[in-house]
Amino acid sequence: MSAIDFSDPATIAFLTDALTAAGVAGLEISAPSGQLRIVVSSAGEAKIGSNRSAQPGSVSPVLVRAPLAGYFCVAHRSGSAEVSSLPRAICATDVLGFIRVGPVLLPVSAGRSGTVTKLLAEADAMVGYGAPLFEIEVQS
Amino acid sequence: MIEIVETGPFNTVQDLGRPGYRDIGVSASGAMDPLAVKIGNILVGNAEGAAVLEIQTFPFRLIFKRRSAFVVSGTDGNPLLDGIELLPWYAYNAEVGQVLELKQPPKLARAYVAIGGGVDVPCIMGSRSTSLRGNFGGNAGRPLEKGDRITVGEEAGILPIPASGLGVVEPAVALRAFFPRSAEGSLLIRALPAGEHRLFAGDGEAFWGQTWRISSRSDRTGYRLSGDPVVPMETVEMRSHGVVPGVIQVPPGGEPIVQMSDANTAGGYPKIAGVIECDLWRLGQARIGTRLQFVRSSYAEARAIEQAVASYIEDVRRTSGLIKRALKAMA
Amino acid sequence: MIAPSNSHALQREILSSTKARARVSSIGARSFLLEAPGDFDLAAQRRIWALSQQVKGWSDIAEIIPGMTNILAILKETPEDPDVVVDRLLEAWDNARSIDLKGKTIEIPVHYGGQHATDLPALCDLSGLSDRDVVRIHHEATYRVFALGSAPGFGYLHGLDPRIYMPRKTVPSLRMEKGCVTIGGMQTGVAMLTGPNGWNSIGFAEMQMFDPTSASPAMMAPGDTVRFLPARIEL
């Protein structure tokens, strides 16, 4: 169990309110016990679903996944059209993209050195928690 | 604790200022870009008015003597942490012994370093701002110097910053609909006519119509503007009266002065206009040499901009808190 | 209601205020300056003191700066309709009754003449008086603090004898010491900061009149009476 009980209706209500207040479309949280997904509809009421964790598939090549639900940004400045060409060598601390929630940006770092070979999400698209964003080939 | 390793002149400790004492002659002081201070503080988890470092001469370097969350806001230059380039407007964690370096930014005038817990200098007359003219407040009433060791407040209760950082879409981008630039790239600063506007010919057209340049005789007290002098049609004997930042006075030479954060509390020159409060931070980020034009504003416009800025700040506060809590729960 | 003791004075003031209305202008979107009509005198300043006390209590006021027969009111928020604020200030001015602030008396020892009295010779030339007379006229008068401003704790003192009025310099002294006893036009005061200053120095006072760490940082307050005591005269 994580520190927060995601099956608690009060927690879900709090998160839903917070998401609505922040203008966030949704949130997905994965924990060993399962997955919580809140999608705030345009009318402001939340649809909540949860399901058992799926078995992870093949791990090669490595995927960089969204650490949070939000809008996927390739560059930190919306409006800047700079998209790096692929494939591209990167190191573990390099920031590959960002998840934007309202005015807040969460950098997505590579997490490992290697070569970025694929961009797996569309720029400015809404992505869910854990959505694959980049594919990295790890140098051996 | 932080220690200043390298600094230019006139870098100071500032917060949102010391208003409320102008009736005893004490300038409000405070950051030239208060919006950058608020956002920086919110991102590290401080109260929005916590004291920060205002850096306006570069290069500047400090060393962290304690693990700290920090943000460099307001600027368009990339800060360096132990030589690694980071982004402005992002909160990061610094380890003990790491060195933060700020180089001359490309376009903007001032960078703000907010640190988790806030810069903890004595609070004097309700503020930690440095009063350079009064020689009190901030870091012993004077600018930062190499070797200064400055205490940072406790970070108790502050939510952790994600390892890869957490930032914002900066105000100039997020609020661009409210802060336009002219087609020629000059800064558009909105203002309202002030007390002696009627003394200037043709409804002040010489003032509103031309592009001014911020002269080199400009600092935190005020900006002197270069251009074709504007001269009132008659000279009036003014009695000394209270003034606030943003007031645009016309001294006998005809080149206007815009009073800024360290504005004197009293003045007696004819006032042609006053910058609306919500545009002052943009002026605070304008460097010497910047070309600017004044645009006549309205109360309705000023209110609309203030509301947009307030809701942006609130949105950053709520969303950054939510994300930090969510990431902490998932960690 | 109207106090009977000085109803004449009151009627005169009401009359003069209807002849020429106060003027309200603005600085930016949140600050409003009310300037009293008529002379620069104690009567007008007493009404400004009364107006200040009233306006300070309004819920939408962030701060007020009383000046020389004027007051700057700084609002917490940009008003929807500035005319409402202007009308409210004008109405408050029209209803402001002259008050006399029961201030304290401050005695300031002064070293007249000497190295800091850089403008005493020029004042003698301007007034046609001897230096001894200038000094005597300055310290024999009783002054009132009209308002504070310009520098931390600096009091604008009213009550200067017209014989020693001296206009401010067109080119300020680049570095005048804190403590210089100065004359600027029809006012006098003690310089609170070392730096550029356009007033004319005739002496020096050691007394500390501002302490930012004190609960009441400024020694002077509007309405205070100030007397200068000639501690030393060096001519």
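How far does helix α3 of chain C reach from its first C-alpha to its last? In this predicted model, the span is 20 Å. The helix covers residues 82-95 and so holds 14 residues. Its span is close to the 20 Å expected at 1.5 Å a residue.

Three residues of α3(C) are highlighted by burial: C:V85, C:L89 and C:W93 are buried. They lie on the same side of α3(C), because they cover an arc of only 70 degrees around the axis. An α-helix has 3.6 residues a turn, so residues three or four places apart point the same way. The face turned away from the buried side carries exposed residues, namely C:D83, C:V84, C:D87 and C:E91.

Chain C also touches chain B. The contact takes 37 residues from chain C and 35 residues from chain B. On the side of chain C, β1, β2, β3 (61-66) and β4 each supply at least two residues. The largest share, 5 residues, comes from β3(C). By residue class, this side of chain C divides into 22 nonpolar, 12 polar and 3 charged residues.

Chain A has 1 helix and 11 strands. Of the 140 residues of chain A, 31% count as buried. Among contacts in chain A between residues at least 6 apart in sequence, 56% join residues at least 24 apart.

Notes:
Residues are numbered from 1 along each chain as its sequence is written. Chains are lettered from A and ligands numbered from 1 in the order in which they are written. This is a predicted model: local features need pLDDT of at least 70, side-chain atom pairs count only at pLDDT 80 or more; totals for chains, interfaces and linings use all residues. Helices (H or I, at least four residues) and strands (E, at least two) are DSSP runs, numbered from the N terminus. A residue is buried if 20 or more other C-beta atoms lie within 10 Å of its own, exposed if 12 or fewer, and partly exposed in between; C-beta atoms are placed from the backbone. Two residues are in contact if their C-beta atoms, placed from the backbone, lie within 7 Å. The expected span of a helix is 1.5 Å times one less than its number of residues. The arc is that of the directions from the helix axis to the C-beta atoms. Ala, Val, Leu, Ile, Met, Phe, Trp, Tyr, Cys and Pro count as nonpolar, Asp, Glu, Lys and Arg as charged, and the others, Gly among them, as polar.
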